[in-house]
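Please open the model in your viewer and keep the selection panel at hand.

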Amino acid sequence: MLSRQVAAKLAAYETPFYLYDVELLHQTLESLMTMASRYGYKVHYAIKANYDARLLQIIREHGLGIDCASGNEVRCAIEAGFDPKTIVYAGVGKRDKEIRYAIEQGIFAINCESIEELYVVNDIAAEMGKVVNVALRVNPDIDPKTNHCIDTGQADSKFGISYEEILDRVEDIKALKSLDVVGMHIHIGSQIRELHVFENMCNKVNLIVKNLTALGFELEFVDVGGGLGVNYDMPENEPIPNFASVFAIIKQHLQVGKREVHFEFGRAIVAECGELITKVLFNKTTATGRRLVIVDASMTELIRPALYGSYHNIENITSESEQRLKYTIVGTACESTDVFDENVSLPLTKRGDLLTLKTAGAYGMSMASHYNQHDLPAAIYSDEL
Ligand code: LLP
């Protein structure tokens, strides 16, 4: 909970804006990288979660690489000073110019998600006179037990190449002379809270790596993706995600010999350090008796509730009232799904009060849009207050 002094300082800034707790980000990265180095694991930050320049600078200082989903994300990472040799690039639909750019920059690996993509990357590399490092993104058919909007590893998903298809096409893949298949990649979904899912994932990876090796692929690394979830319900209870548990599970169950093991965490790194601060514009009650609080943020600044029905804990950080009421918190956008939450118990909430939507550091700002011609929200950092 933000202190009264901090809340008073926030009143000076134009709302809505993202507030980042840089100290918490440092602590999170410290915890993550201490654990990772204990096991010799490599960590890439999934830049799609938040590409704020200041956050990227801190993430780079802690020695992470980057996981990208587009050519512009690769460019953004390089401009932020990340070594291309620490950048991986996945995505089901890479454009030719994005593939060309990634090859030019000499990134660590392009994670290919279809047989057709392997052919195209091979052709582009050949044209450029290069041999490019790729990883096969395999669809492992695993249920990650998360919101169905953000699972990526079930058999019918658009992500990755089915293991069976790889087996069928082994000789074709090996014949692509401008590719070096150096890795295997898997990412089963996001906001995974049932950690035993990672054990299932390891069992699948073990099998796949063993068989691909027997078929003559010389895999140097296994990239097991990201997906570790955070505590949206009670962020105060778990400001730093449980990296230790995930790493322990992977250590215990993954059997890939001396190959490097890579991770691509996004949400777990930045979700908790960010919150969206918004101001109450109006109160009104619907004809049905629903008490609405209309705030100056909307789905254009934080789309997760409207898009996935996701929950963000909301607090009034300025009201000093003892009286509590149940409110529906809605945004300014001309969309009926632009509702942040219903039945939120808040102290008496009035025009001008500041509300915070917590755990918004991941997939908040990076998914913000200009819908209704809104300006993009600013970023304020805790050490500048
Ligand atoms: N690696 C790959 C290949 C990915 O597709 C993703 C996320 C990650 C790593 C990072 O996953 P994380 O550690 O953040 O779970 N916008 C949604 C989440 C979409 C995730 C997309 N891929 C949300 O707001 O919940």
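Predicted model: local features only at pLDDT ≥ 70, side-chain atom pairs only at ≥ 80, totals over all residues.

Residues are numbered from 1 along each chain as its sequence is written, and side-chain values use heavy atoms, with hydrogens and water left out.

**Domains.** Colour domain 1 (4-17 + 273-384) and domain 2 (22-270) separately; these bounds come from an automatic or database domain assignment. Their C-alpha centres lie 33 Å apart, and 22 residues of domain 1 are in contact with 22 residues of domain 2, where contact means heavy atoms within 4.5 Å.

**Cores.** Next select Y45, L118, I250, I269, V270 and I329, which touch the most other members of the largest nonpolar core, a set of 107 residues. That core draws at least three residues from each of domain 1 and domain 2. A nonpolar core here is a set of buried Ala, Val, Leu, Ile, Met, Phe, Trp, Tyr and Cys residues joined through side-chain atoms within 4.5 Å, with buried meaning under 20% relative accessible area, exposed over 50% and partly exposed in between (1.4 Å probe, protein chains only). Apart from this core lies another, of nine residues, including L2, A7, L19 and I277.

Centre the view on I329: leaving aside neighbours within four places in sequence, I329 is in contact with V293, V295, I314, V339, F340, D341, V344, L346 and L355.

Helices (H or I, at least four residues) and strands (E, at least two) are DSSP runs, numbered from the N terminus.

**Helices α9 and α10.** Finally show α9 (residues 196-214) with α10, whose axes come within 9 Å and cross at roughly 35°; axes are lines fitted to C-alpha atoms, for helices over the stretch in contact, and angles run from 0 to 180 degrees between N-to-C directions. The contact is made by F198, E199, M201, C202 and N206 of α9 together with V246, I249, I250 and H253 of α10.

A248 also lies in α10 (residues 243-253), and A248 counts as partly exposed because its relative accessibility is 33%.
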